[in-house]
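These exercises are meant to be worked with the sequence and the model open side by side. Try each task before reading its solution.

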Amino acid sequence: SADGSVDVYRLCKLNNRVLTAHNRKLSISVNYVYDDVQLLSGNMRRFLKGVKQSFKLDWQFLPSKADKTVDGQYGRDYLQGLVGNGQLLEFFIQDKPNDAGVTYTVFVESYNEDLVRRELNTGTHFYNVSLVLRET
């Protein structure tokens, strides 16, 4: 799409569990980490320390229960359970079915959810969820 995000084409796993593609958008950005050093001459020199990836995942109308997602994969309840523990996570992305994929060690930079609907007869809640993961 025009904003550089990819709709559903990539397989994404978080801690080896497939995340649902239910109305999911994935945006990947690159963050450069620099170290500025002042030399004896008084000049400043910038050194590139690393290049880190940042992954923004957005879901619209995401069910709380995995069995209510379009593909039966992990939904909002799984994501919300991972956010609060403060641990490092393994994030896997596979571009194409025969691609080997890449695994990144990440931490949760931000998580936001908005409750948009409750279905009382099924006990399912629907959320708009935004999750940003940053490579360590």
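**Exercise 1.** Which strands does H1 lie across, and at about how many degrees does H1 run to E6?

Solution. The model is predicted, so local features need pLDDT of at least 70 and side-chain atom pairs pLDDT 80 or more, while totals for chains, interfaces and linings use all residues. Residues are numbered from 1 along each chain as its sequence is written, and side-chain values use heavy atoms, leaving out hydrogens and water.
Step 1: find the elements, which are DSSP runs numbered from the N terminus (helices: H or I, at least four residues; strands: E, at least two).
Step 2: H1 lies across E1, E2, E4, E5, E6 and E7.
Step 3: the angle between H1 and E6 is about 125 degrees, taken between N-to-C directions on a scale from 0 to 180 degrees, with axes fitted to C-alpha atoms, for helices over the stretch in contact.

**Exercise 2.** Give the strand order of the open sheet and name its edge strands.

Solution. Step 1: strands count as paired if DSSP finds at least two bridges between them.
Step 1: the seven strands follow the order E2-E1-E5-E6-E7-E4-E3, with antiparallel pairing.
Step 2: E2 (17–18) and E3 (24–38) each pair on one side only, which makes them the edges.

**Exercise 3.** Describe how E6 pairs with E5 and with E7.

Solution. Step 1: five bridges join E5 and E6 in the antiparallel sense, and Leu89 stands opposite Val106 in E6.
Step 1: E6 and E7 also run antiparallel, with 12 bridges; Leu115 has Tyr127 as its bridge partner, and Glu113 faces Val129.
Step 2: four residues lie between the strands of this hairpin, where Gly123 has a positive phi near 75 degrees.

**Exercise 4.** Is Val132 buried or exposed?

Solution. Step 1: buried means under 20% relative accessible area, exposed over 50%, and partly exposed in between (1.4 Å probe, protein chains only).
Step 1: Val132 counts as buried because its relative accessibility is 11%.
Step 2: Val132 is in E7 and touches, among others, Phe55 and Phe107.

Conventions. Contact = heavy atoms within 4.5 Å. Lists of a residue's contacts leave out its neighbours within four places in sequence.
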